[in-house]
Amino acid sequence: MKKILLITTLLISTLAASAQKNTSESYIEKFKDDAIRIMHETGVPASIVLGVAMHESACGNSSIAKNLNNEFGMKGGGSSVYYKHNKKVRSPYKQYGSVFDSFQDFARIMTERKQFSHLTDEFTHYDYIGWAKGIQRSGYAGSKKWAAQVLGIINKYKLNSLDETPADQPQLANKPQ
């Protein structure tokens, strides 16, 4: 009987621990609609929003993602405070009210900051490859492998299927030539 109780306790604790950690698939399922909404509002591809968020936050499992809803590692003007293991932690990272707010701020930075705003003129929301390479070239991340890593996530999980393709768009009537 003690053996069954011990096995049951171990199983429950293992399930509880795994339930706390997002998988790539659960993260995509949970936030794909938010990424698509951001794409429609701003023109930043949903695959870029999700791919960068997954890369930067380890699918929402990083400390700042879990405690500050900060999926992109954005630093803020002041310091944020959260508690970890009953210990007060001060962080230079921005705190957001929700993951969606974090997505919105990322898209705002991509479309409004001079450093990145040229990307909306250069690439459509169909061109996730151009966006990833353009974001890297514009200085978003120091790593020379950053765009390749983000593109690897997008390709592995087929996130580009969330981006509309020109064939998905209603066709305009043929203009007379």
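**Entry 1: layout.** I counted 8 helices and 2 strands in the protein chain, taking helices (H or I, at least four residues) and strands (E, at least two) as DSSP runs numbered from the N terminus. I read the order of elements from the N terminus as α-α-α-α-β-β-α-α-α-α. I note that this is a predicted model, in which local features need pLDDT of at least 70, side-chain atom pairs count only at pLDDT 80 or more, and totals for chains, interfaces and linings use all residues. Residues are numbered from 1 along each chain as its sequence is written, and side-chain values use heavy atoms, with hydrogens and water left out.

**Entry 2: chain totals.** I looked up burial for the 177 residues of the protein chain, and 37% are buried (under 20% relative accessible area; exposed is over 50%, partly exposed in between; 1.4 Å probe, protein chains only). The accessible surface is about 10,900 Å², and carbon and sulfur atoms hold 54% of this surface (Shrake-Rupley method, 1.4 Å probe; for residues, only the protein chains shown count as cover). Of the contacts with a separation of 6 or more, 56% join residues 24 or more positions apart; contact means heavy atoms within 4.5 Å.

**Entry 3: core.** I then went to the largest nonpolar core, which has 41 residues. Such a core is a set of buried Ala, Val, Leu, Ile, Met, Phe, Trp, Tyr and Cys residues joined through side-chain atoms within 4.5 Å. Ile48, Phe103, Phe106, Ile135 and Tyr140 touch the most other members. Two or more residues each come from α2 (24-42), α3 (46-57), α5 (99-112), α6 (114-122), α7 (128-137) and α8 (146-156). I checked Ile48 beyond its neighbours within four places in sequence and found contacts with Ala53, Phe106, Tyr128, Trp131, Ala132, Ile135 and Ile154.

**Entry 4: α5 against α6.** The axes of α5 and α6 are 4 Å apart, at an angle of about 85°. Axes are lines fitted to C-alpha atoms, for helices over the stretch in contact, with angles from 0 to 180 degrees between N-to-C directions. I therefore log the two helices α5 and α6 as roughly perpendicular (65 to 115 degrees). From α5 the contact uses Ile109, Met110, Thr111 and Glu112, and from α6 Lys114, Phe116, Ser117 and Thr120.

**Entry 5: positive phi.** I looked for non-glycine residues with positive phi and noted Cys59, at about 60°, and Asn69, at about 55°. Cys59 sits in the loop between α3 and α4 (63-68) and counts as buried at 9% relative accessibility. Asn69 is in the loop between α4 and β1 (75-84) and is partly exposed, at 23% relative accessible area.

Conventions: Angles under 35 degrees count as roughly parallel, over 145 as roughly antiparallel, 65 to 115 as roughly perpendicular and the rest as oblique.
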